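Subject: Structure for you to look at

Hello,

Here is the structure I said I would pass on. My notes on it follow below.

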Amino acid sequence: MIDDDESRMPEWLIVCRDDALELSDSVVLAGAATRTRAGLFAVLATTLALPAYLGDTWDALSDVLRERLDAGPLTLLITDAGHLLADEPADQYALLLTVLGNLATSAPHPLRLVLHEAGSS
């Protein structure tokens, strides 16, 4: 038997299929642009105007996102989220969630990740 507390998603992670989803102040990333780690890093760097020294490691991403979260809260909305890291080994998706989870629980301002998949018509 699974305890309800153990099966709940963390508060910083939202998965939804609501076609009318509107989140003010969210940074929208197109899932198709995030199929690879390099693509994800590039779209984050461009969209969030991250420093040029971002690099290409999860530790580097964590460092620059922590600096970004020093300035205020951040909500990342990934549309067509089924594409997120789809061309990478599964462990890369797990690493992304670990990085963001660590930031969400330790950064000075809130971080939310919204994974949105449009409902089927």
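This is a predicted model: local features need pLDDT of at least 70, side-chain atom pairs count only at pLDDT 80 or more; totals for chains, interfaces and linings use all residues.

Overall layout

Read from the N terminus, the elements of the protein chain follow the order α-β-β-α-α-β-α-β. The protein chain has 121 residues, of which 36% count as buried. Among its contacts with a separation of 6 or more, 71% are between residues 24 or more positions apart.

The 4 strands make an open sheet, ordered 1-4-3-2, with parallel pairing. Strand 1 (13-16) and strand 2 (26-30) are the edge strands, each pairing on one side only. From one strand to the next the twist averages 20 degrees. Strand 3 (residues 74-79) pairs with strand 4 (residues 111-116) in the parallel sense, over 5 bridges. If you want a place to look, Thr-75 stands opposite Arg-112 in strand 4.

Helix 2

Helix 2 has 12 residues, and the distance from its first C-alpha to its last is 16 Å, close to the 16 Å expected at 1.5 Å a residue. Its buried residues are Gly-39, Leu-40, Phe-41, Val-43, Leu-44 and Leu-48. Just after helix 2, Ala-49 has a positive phi of about 50 degrees.

Helix 3

The 14 residues of helix 3 should span 20 Å at 1.5 Å a residue, and its end C-alpha atoms are 20 Å apart, which agrees. Buried in helix 3 are Trp-58, Ala-60, Leu-61, Ser-62, Val-64, Leu-65 and Leu-69. Helix 2, strand 3, helix 4 and strand 4 are among the parts that cover them. Just after helix 3, Gly-72 takes a positive phi of about 160 degrees.

The aromatic pair and its surroundings

How many aromatic pairs are there? The count comes to 1 aromatic pair, with ring centres required to lie within 6.5 Å. The ring centres of Phe-41 and Trp-58 are 5.2 Å apart and the planes are at 75 degrees; planes over 60 degrees apart count as edge-to-face, so this pair is edge-to-face. Phe-41 belongs to helix 2 (residues 37-48) and Trp-58 to helix 3 (residues 58-71), so the pair ties together parts that are 17 residues apart in sequence. Both Phe-41 and Trp-58 are buried.

Arg-37 also comes in here: its charged end sits over the ring of Phe-41, 5.9 Å from the ring centre.

Gln-92 is in helix 4 (residues 90-106). Is Gln-92 buried or exposed? Its relative accessible area is 11%, and buried means under 20%, so Gln-92 is buried. Leaving out residues up to four places away in sequence, Gln-92 touches Arg-37, Trp-58 and Leu-85. Arg-37 is the residue whose charged end sits over the Phe-41 ring, and Trp-58 is the partner of Phe-41 in the edge-to-face pair.

Regards

How values were computed. Residues are numbered from 1 along each chain as its sequence is written. Side-chain values use heavy atoms; hydrogens and water are left out. Two strands pair if DSSP finds at least two bridges between them. Helices (H or I, at least four residues) and strands (E, at least two) are DSSP runs, numbered from the N terminus. Axes are lines fitted to C-alpha atoms, for helices over the stretch in contact, and angles run from 0 to 180 degrees between N-to-C directions. Rings of Phe, Tyr and Trp (its six-membered ring) pair if their centres lie within 6.5 Å; planes under 30 degrees apart count as stacked, over 60 as edge-to-face and the rest as tilted. Buried means under 20% relative accessible area, exposed over 50%, partly exposed in between (1.4 Å probe, protein chains only). A charge sits over a ring if NZ of Lys or CZ of Arg is within 6 Å of the ring centre and within 35 degrees of the ring normal. Contact means heavy atoms within 4.5 Å. The expected span of a helix is 1.5 Å times one less than its number of residues.
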